[in-house]
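Report on the salt bridges and pockets of this model, please. Start with the charged pairs, then turn to the open space.

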Amino acid sequence: MRVTDALFAQEPEPRHLYVAHQYWKSTDRCFTIRVSVIDLSWTVTGEPTSKSEWRTLFDSQPCIKPAEPFDDSETGGRLAWADGSLLVTVGDHGFAGLNGDTPHSQNDDVDYGKILKIDPVSGAYSIFSRGHRNAQGLTVARDGRIWSSEHGPQGGDELNLIVEGENYGWPYVTYGTSYGSNAWPLNPDGQNHGSYKEPAFAFVPSIATSALIEISGNQFPRWDGDLLLSSLRTRALFRIRHKEGRVIYVEPIGLGERVRDLTQSPDGRIVVWSDAGVIIELSRSTMGSAFNRFCKGCHAPDFGAAAGPTLNNIVGRNIASVSGFAYSPSLLNQRGKWTEASLNAFLTDPESFAPGTTMKLIGLDEASREAVIAYLMENSK
């Protein structure tokens with residue numbers, strides 16, 4: 001059994017945990033994608049404990065026997081909440097119709113190659129969207145839009161804006177090709193998706209998409225509302241800016257790890273889990289960001305001549321002691337070393353600290369000043 005996703009119920013204190021996973025029916029020797037649920041209670045210290053045994057909420061139909069063209073890597077299995085219903089992606093498991101059979105994703109008599117909408121209590125379900133290969137990312141944004149990331153074949157990984165009732169065309173259309181070929185046999189020209197729903201964005205070549213989340217602005221205010229997509233093949237994250245359902249740009253963020261899953265903590269930190277079992281935490285350094293905003297332009301410019309001396313290893317250094325820099329007479333007359341106290345005095349009121357100094361500060365409030373000093377001390381060790 002391979003767990004593909006886990007999701008708490010949408011309750012103030014979650015009383016149910018839903019898990020999507022592969023399930024092997026040993027008597028029939030076949031696979032399903034199952035959603036199981038367990039009842040929870042919480043200790044006074046905030047730890048969950050089980051109140052029941054696991055029970056089955058949903059089993060994909062029919063149960064698939066592991067014979068050609070079965071591929072258990074194309075399982076999907078992501079969960080998300082949408083208007084009180086539980087959405088689950090179910091991959092086509094390799095049954096793409098290349099042998100002449102009706103592809104699972106286009107056959108409404110089977111559950112595979114679909115996104116399904118499940119009642120979290122009764123388990124009753126319906127087809128939400130169809131024509132999917134292997135959707136491994138699923139998120140419902142704050143504006144209600146539903147986004148999914150999906151593996152294509154060789155090329156053609158997709159970011160899809162999911163609309164109930166739409167058909168996304170797999171395997172009849174794709175921007176990918178057969179492995180080792182320059183075309184896809186069911187869609188040899190590959191120019192567009194015709195009458196099927198076009199992806200919001202297609203990655204050519206493939207990046208091997210995995211998890212997908214929407215970013216809140218707690219740690220990354222400029223990223224608020226962007227999507228963050230993880231990748232296996234490129235060992236990176238992709239930040240996706242979109243507006244009114246249209247992708248504006250995609251920015252890669254290299255991590256050096258095959259990213260399998262990611263989430264965002266309540267305080268805004270992004271937590272990444274790799275195939276190697278490595279956990280990476282991304283957070284914005286308030287110390288560094290304050291320095292970059294108020295100091296870097298003059299003291300460490302990315303281009304042009306510096307207006308101020310380097311601040312590397314400034315703590316413990318004699319005041320006005322950088323060789324070759326033309327200090328103002330007021331600072332040259334200062335004695336002693338730069339310390340936390342002297343930096344605080346100077347950055348609070350440069351003119352009082354050194355009358356006639358050319359140092360000017362614009363908008364450096366108390367919190368920013370503390371962050372700048374903390375950054376300078378950290379970078380002087």
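E164 is partly exposed, at 45% relative accessibility (buried means under 20% relative accessible area, exposed over 50%, partly exposed in between, with a 1.4 Å probe and protein chains only). E164 forms a salt bridge with K117; a salt bridge here is a side-chain nitrogen of Lys or Arg within 4 Å of a carboxyl oxygen of Asp or Glu. K117 is also partly exposed, with a relative accessible area of 24%. E164 sits in the loop between β12 (157–162) and β13 (201–203), and K117 in strand β8 (residues 114–118), so the pair ties together parts 47 residues apart in sequence. Helices (H or I, at least four residues) and strands (E, at least two) are DSSP runs, numbered from the N terminus.

The model is predicted: local features need pLDDT of at least 70, side-chain atom pairs count only at pLDDT 80 or more, and totals for chains, interfaces and linings use all residues. Residues are numbered from 1 along each chain as its sequence is written, and side-chain values use heavy atoms, with hydrogens and water left out.

The whole structure holds 18 salt bridges. Three of them are tabulated here.

| Pair | Closest N and O atoms |
|---|---|
| E164 and K117 | 3.1 Å |
| R78 and D261 | 3.3 Å |

R78 in strand β6 and D261 in strand β18 are 183 residues apart. R78 is buried, at 10% relative accessibility. D261 is partly exposed, at 25%.

R142 is exposed at 55%, whereas E214 is buried at 18%. Elsewhere, D226, R239, R241 and E251 are linked in a network of salt bridges.

Now the pockets. A pocket is an open set of points on a 1 Å grid over the protein atoms alone, where a 1.4 Å probe fits, with protein on both sides within 12 Å along at least five of seven lines; lining residues have an atom within 4 Å of a point. A volume is the space filled by probe spheres set on the points.

The largest pocket has about 880 Å³ of space. Its lining has 32 residues, with L7, T139, I213, T263 and Q264 nearest the centre. Elements giving two or more residues include β1 (3–8), β6 (76–82) and β18 (259–264).

The second largest pocket has about 560 Å³. Of its 29 lining residues, H299, G308, P309, F346 and M359 lie nearest the centre. α4 gives the most, with three residues.
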